[in-house]
Amino acid sequence: MRKILGLALSLGALGLAAAASAQAPRWSSNTDYSAPGARNLPVICRDGDIQPFAGKTMGEVFGAAWPEVPAASSAHAPPKVLSHGKVIPPRGLEGKWATVVVAVLVGADGKPLASEAVCMSDGAFAIAAKRVLANATFAPATVDGTPVTTVLAVPISFRQPRRGESTGEGEKAASTGSSQE
């Protein structure tokens with residue numbers, strides 16, 4: 001029986017900050033891509049991560065499939081994960097720790113249109129991480145109350161179960177929370 005491992009979603013306080021700021025770097029998983037101009041921000045990963053899109057912007061990652069988000073006159077809200085698949089590691093890698101940031105192009109209808117693994121501690125987990133969000137449901141981003149297509153960067157964490165934590169196939173082992181991926 002495969003072990004089902006935990007999921008950490010970075011859905012904490014989001015906002016834009018200059019990537020070259022004197023403070024800690026604004027990793028892609030902590031960036032609100034529903035804000036105007038955010039598509040032009042570079043993909044930024046943790047030091048040591050595998051970065052298949054190094055030097056590219058999230059707009060370059062998704063290209064023409066991601067229409068420009070209009071500026072909000074009153075308010076905008078980023079997309080949110082409502083439900084997701086089970087976190088199942090690749091065969092033979094059960095019990096190994098890894099984190100993969102998956103950027104998902106979320107349609108105005110809340111369905112995932114495309115996804116890319118943009119940062120990862122171990123490339124062997126990229127496909128498994130994308131699979132977690134392949135059939136996920138999302139609350140779409142909104143601009144002035146109107147749903148829009150935009151990107152959400154979600155860290156997927158594969159971890160060893162804690163002592164006493166069940167990893168049975170039929171039991172829930174995924175959790176949500178905020179992280180600094």
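Which residue stands opposite Val-106 in S8? The residue is Thr-150.

## Basis of the model

The model is predicted: local features require a pLDDT of at least 70, side-chain atom pairs count only at pLDDT 80 or more, and totals for chains, interfaces and linings use all residues. Residues are numbered from 1 along each chain as its sequence is written, and side-chain values use heavy atoms, with hydrogens and water left out.

The pLDDT, the predictor's confidence in each residue on a scale from 0 to 100, averages 78 over the chain. A score of at least 70 is reached by 73% of the residues. Over residues 1-25 the pLDDT is below 50, and this stretch has 87 contacts in the model beyond near neighbours in sequence; contact means heavy atoms within 4.5 Å. Residues 167-181 also have a pLDDT below 50, with 46 contacts beyond near neighbours in sequence.

## The three-stranded sheet

Helices (H or I, at least four residues) and strands (E, at least two) are DSSP runs, numbered from the N terminus. Two strands are taken to pair if DSSP finds at least two bridges between them. An open sheet of three strands shows the order S4-S3-S8, with antiparallel pairing. Its edge strands, S4 (112-120) and S8 (150-158), each pair on one side only. On average, neighbouring strands of this sheet are turned by 25° against each other, direction ignored. For such angles, axes are lines fitted to C-alpha atoms, for helices over the stretch in contact, and values run from 0 to 180 degrees between N-to-C directions.

Strand S3 (residues 98-106) runs antiparallel to S8, and nine bridges join the two. Helix H2 (residues 126-134) packs on the sheet and touches S3, S4 and S8. The direction of H2 makes about 145° with that of S4.

## Nonpolar cores

A nonpolar core is a set of buried Ala, Val, Leu, Ile, Met, Phe, Trp, Tyr and Cys residues joined through side-chain atoms within 4.5 Å. Buried means under 20% relative accessible area, exposed over 50%, and partly exposed in between (1.4 Å probe, protein chains only). The largest core has 21 residues, and Val-100, Val-102, Leu-133, Phe-138, Ile-156 and Phe-158 have the most contacts inside it. At least two residues of this core come from each of S3, S4, H2 and S8.

Leu-133 touches, among others, His-84, Val-102, Phe-138 and Ile-156, not counting residues up to four places away in sequence. A second, separate core of 20 residues includes Ala-38, Val-43, Val-101 and Val-118.

The structure holds one disulfide, defined as a pair of cysteine sulfur atoms within 2.5 Å. This disulfide joins Cys-45 to Cys-119, with an S to S distance of 1.8 Å. The torsion about the S-S bond is about -75°, so the disulfide is left-handed. Cys-45 lies in the segment before helix H1 (58-62) and Cys-119 in strand S4; the pair links distant parts of the chain, 74 residues apart. Both Cys-45 and Cys-119 are buried.

Asp-49 is also found in the segment before H1. Asp-49 has 13% relative accessibility and therefore counts as buried. Not counting residues up to four places away in sequence, Asp-49 touches Cys-119, Met-120 and Ser-121.

## Backbone at Asp-144

Most residues other than glycine have a negative phi. Asp-144 has a positive phi of about 50° although it is not a glycine. Asp-144 lies in the loop between strand S6 (141-143) and strand S7 (146-148). Because its relative accessibility is 33%, Asp-144 counts as partly exposed.
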